[in-house]
Amino acid sequence: MRLDVEANPVAEVRELIDRGLDVYNEAKGGPLHASNFWVIARDGDGGVQAGLKAHCYFGWMFVDWLWVSPEARGGGVGSALLGAAETEARARGCIGAHLQTYSFQAPDFYAKHGYQRFGQIDDYPPGHSCIWLKKRF
């Protein structure tokens with residue numbers, strides 16, 4: 001067997017591996033009920049000022065990204081995005097949410113919204129920490 005390191009395998013290879021893992025996981029953990037969604041905040045002119053990307057699987061939402069433009073920070077947009085995502089996750093049958101953030105990003109923001117720390121790697125990146133948080137709905 002040959003091992004290849006590839007930066008961008010063709011779509012068919014990615015899909016084969018992805019589906020293979022899904023089949024295994026569903027056999028062990030039950031239906032994935034996997035779905036993705038975005039929550040986008042736009043200004044009055046339609047310009048994107050903030051956004052959140054999430055995916056649901058196994059009854060939990062994972063927040064992939066939450067970004068707020070510098071101009072919109074401090075005005076409650078991040079809280080509105082997170083609240084809308086949690087509402088959508090509940091509508092999709094999720095029982096909780098989890099995410100990863102860094103010590104220089106927003107751990108206090110998530111704690112303010114009821115998220116609890118359940119893991120941390122120090123010096124990732126050097127001088128900072130990678131933090132995992134969760135919240136049960």
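The legends below describe several close-up views of one predicted protein model.

In this predicted model, local features need pLDDT of at least 70 and side-chain atom pairs count only at pLDDT 80 or more, whereas totals for chains, interfaces and linings use all residues. Residues are numbered from 1 along each chain as its sequence is written, and side-chain values use heavy atoms, with hydrogens and water left out.

**Figure 1. Overview of the helices and strands in the protein.**
The secondary structure comes to three helices and six strands, where helices (H or I, at least four residues) and strands (E, at least two) are DSSP runs numbered from the N terminus. Read from the N terminus on, the elements follow the order α-β-β-β-α-β-α-β-β. The C-alpha atoms fill a box of roughly 55 × 40 × 35 Å, taken along the principal axes. Of the 137 residues in the protein, 30% are buried, a word that here stands for under 20% relative accessible area, with exposed meaning over 50% and partly exposed in between (1.4 Å probe, protein chains only).

**Figure 2**
Strands β1 and β2 run antiparallel and are joined by eight bridges; two strands are said to pair if DSSP finds at least two bridges between them. Within this pairing, Trp38 has Lys53 in β2 as its bridge partner. Five residues lie between the two strands of the hairpin, and Gly46 in the turn has a positive phi of about 90 degrees.

**Figure 3. Strand β6 and its two partners.**
Strand β6 (residues 129-136) pairs with strand β4 (residues 96-102) in the antiparallel sense over seven bridges, and Leu133 in β6 is the bridge partner of Leu99. Strand β5 (residues 116-122) also pairs with β6 in the antiparallel sense, over six bridges. Together β5 and β6 form a hairpin with six residues between them, and Asp123 in the turn has a positive phi of about 60 degrees. Gly119, which has its place in β5, has Trp132 in β6 as its bridge partner. Leaving out residues up to four places away in sequence, Gly119 touches Cys130, Ile131 and Trp132, where contact means heavy atoms within 4.5 Å. Gly119 and Ile131 are 12 residues apart in sequence, and their C-alpha atoms are 5.8 Å apart in space.

**Figure 4. The largest nonpolar core and Leu81.**
A nonpolar core is a set of buried Ala, Val, Leu, Ile, Met, Phe, Trp, Tyr and Cys residues joined through side-chain atoms within 4.5 Å. The largest such core has 22 residues, of which Phe37, Leu52, Met61, Leu81 and Tyr115 touch the most other members. At least two residues of this core are supplied by each of β1 (35-42), β2, β3 (60-68), α2 (77-91), β4 and β6. When residues up to four places away in sequence are not counted, the residues that Leu81 touches include Val39, Ile40, Leu52, Leu66 and Val68.

**Figure 5. His55 and its surroundings.**
His55 has its place in strand β2 (residues 48-57), and because its relative accessible area is 19%, His55 is buried. Its side chain makes a polar contact with the side chain of Asp64 (2.8 Å); such a contact is a pair of N or O atoms within 3.5 Å, and within protein one must be able to donate a hydrogen and the other to accept it, while residues adjacent in sequence count only if both atoms are side-chain atoms. Apart from neighbours within four places in sequence, His55 is in contact with Ser35, Asn36, Trp60, Met61, Phe62 and Asp64.

**Figure 6**
A search of the whole structure finds six aromatic pairs. One of them is formed by Tyr110 and Tyr115, an edge-to-face pair with 5.8 Å centre to centre and 70 degrees between the planes. For this description, rings of Phe, Tyr and Trp (its six-membered ring) pair if their centres lie within 6.5 Å, and planes under 30 degrees apart count as stacked, over 60 as edge-to-face and the rest as tilted. Both Tyr110 and Tyr115 are buried. Tyr102, Phe104 and Tyr124 form one aromatic cluster. Lys53 lies over the face of Trp65, at 4.9 Å from the ring centre, and Arg90 lies over the face of Phe137, at 4.3 Å from the ring centre. A charge sits over a ring if NZ of Lys or CZ of Arg is within 6 Å of the ring centre and within 35 degrees of the ring normal.
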